[in-house]
Amino acid sequence: MRKIFTLSLIIFMPFLLIAQENGKIQELGLTTNNLSSVGLSYRIGNNNALWRFNTSANNLSIMIEDNEATSWRDHLNISASIGREWRKPIGNMFELRSGVDLGFGYANDQLAYYFDTRSLEGKNYTLISSINGVFGFNFILGKAIVLGFEVQPIVSYSFGLGDQSTVSLGSSEFTINEKERSFNFDLSTSSALFSLAYRFSRSKD
């Protein structure tokens with residue numbers, strides 16, 4: 001968890017330096033994607049439109065051992081985005097919001113499987129660029145706490161930096177190297193984002 005927070009903060013700090021314009025409100029918070037990732041969110045603007053900066057990361061390590069086989073997987077995914085968000089207040093405690101984000105990310109996936117004299121090892125490094133819509137709402141608690149939910153239909157392009165698989169069968173071993181490129185569209189529950197933010201005012205210089 002400490003590694004995820006540190007990586008998120010490193011990515012997020014340049015966005016904070018960019019957002020030096022005067023604004024009526026700012027929001028700083030935490031985000032999660034179905035509890036599978038954790039991230040930071042920063043928004044600045046007014047009640048109707050804000051600039052939004054997001055970053056997220058997840059790090060998954062799994063090892064399974066039994067009497068005959070051992071397998072493990074190590075997965076790291078880091079992403080950041082910048083976008084524009086428009087809001088429509090409905091009463092004092094509810095807001096509808098929509099917008100668009102441009103994002104980029106990096107994924108590192110390593111896995112291995114060992115069984116008797118046979119084994120499989122794989123490594124994958126990928127860069128990801130994306131554009132996604134934003135459709136959701138905010139629920140305002142008091143004057144400062146903002147609970148948010150949004151669905152993000154995403155179109156992404158993935159470019160493999162390196163894909164390598166090594167297979168060992170007894171005394172025989174061979175390696176496969178390939179690079180993959182793909183377009184993806186995602187509108188599933190995995191594209192839902194929950195947020196908890198603190199809202200504060202910013203005085204004009």
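The model is predicted: local features need pLDDT of at least 70, side-chain atom pairs count only at pLDDT 80 or more, and totals for chains, interfaces and linings use all residues. Residues are numbered from 1 along each chain as its sequence is written, and side-chain values use heavy atoms, with hydrogens and water left out. The protein chain has 1 helix and 11 strands. Its structure holds 13 salt bridges.

**Overall fold**

- Along the sequence, the pattern of the protein chain is α-β-β-β-β-β-β-β-β-β-β-β. Helices (H or I, at least four residues) and strands (E, at least two) are DSSP runs, numbered from the N terminus.
- The protein chain has 205 residues, and 38% of them are buried. Buried means under 20% relative accessible area, exposed means over 50%, and partly exposed lies in between (1.4 Å probe, protein chains only).
- Among contacts in the protein chain with a separation of 6 or more, 61% join residues 24 or more positions apart. A contact means heavy atoms within 4.5 Å.
- The accessible surface of the protein chain is about 12,200 Å², and carbon and sulfur atoms hold 61% of that surface. Accessible areas come from the Shrake-Rupley method with a 1.4 Å probe; for residues, only the protein chains shown count as cover.

**Salt bridges**

- Side chains of opposite charge can pair when their charged atoms come close. A salt bridge here is a side-chain nitrogen of Lys or Arg within 4 Å of a carboxyl oxygen of Asp or Glu.
- Glu 150 and Arg 43 form a salt bridge through their side chains, at 4.0 Å from N to O. Glu 150 sits in strand β7 (residues 145-151) and Arg 43 in strand β2 (residues 38-45), so the pair links distant parts of the chain, 107 residues apart. Both Glu 150 and Arg 43 are buried.
- Arg 52 and Asp 101 form a salt bridge at 2.9 Å, N to O. Arg 52 lies in strand β3 (residues 49-65) and Asp 101 in strand β5, so the pair ties together parts 49 residues apart in sequence. Arg 52 and Asp 101 are both buried.
- Arg 199 pairs with Glu 95 in a salt bridge, with the closest N and O atoms 3.4 Å apart. Arg 199 is in strand β11 (residues 192-201) and Glu 95 is in strand β5, 104 residues apart. Arg 199 and Glu 95 are both buried.
- Salt bridges with shared partners join Glu 27, Arg 43, Arg 52, Glu 85, Arg 87, Glu 95, Arg 97, Asp 101, Glu 150 and Arg 199 into one network.

**Surface patches**

- Patches consist of residues with over 30% relative accessible area and no salt bridge; like charges are joined within 9 Å, and nonpolar side chains (Val, Leu, Ile, Met, Phe, Trp, Tyr) within 5 Å.
- Ile 82, Trp 86, Val 100, Leu 102, Ile 131, Val 155 and Phe 185 make up a nonpolar surface patch, with about 640 Å² of accessible area together. The elements giving two or more residues to the nonpolar patch are β4 (69-90) and β5 (94-115).
- Ile 82 belongs to strand β4. Ile 82 is partly exposed, at 34% relative accessible area.
- Glu 65, Asp 66, Glu 68 and Asp 116 form a surface patch of negative charge. Lys and Arg count as positive and Asp and Glu as negative, while His and the chain ends are not counted. The place of a charge is NZ of Lys, CZ of Arg, CG of Asp or CD of Glu.
- Glu 68 is in the loop between β3 and β4. Glu 68 is exposed, with 57% relative accessible area.
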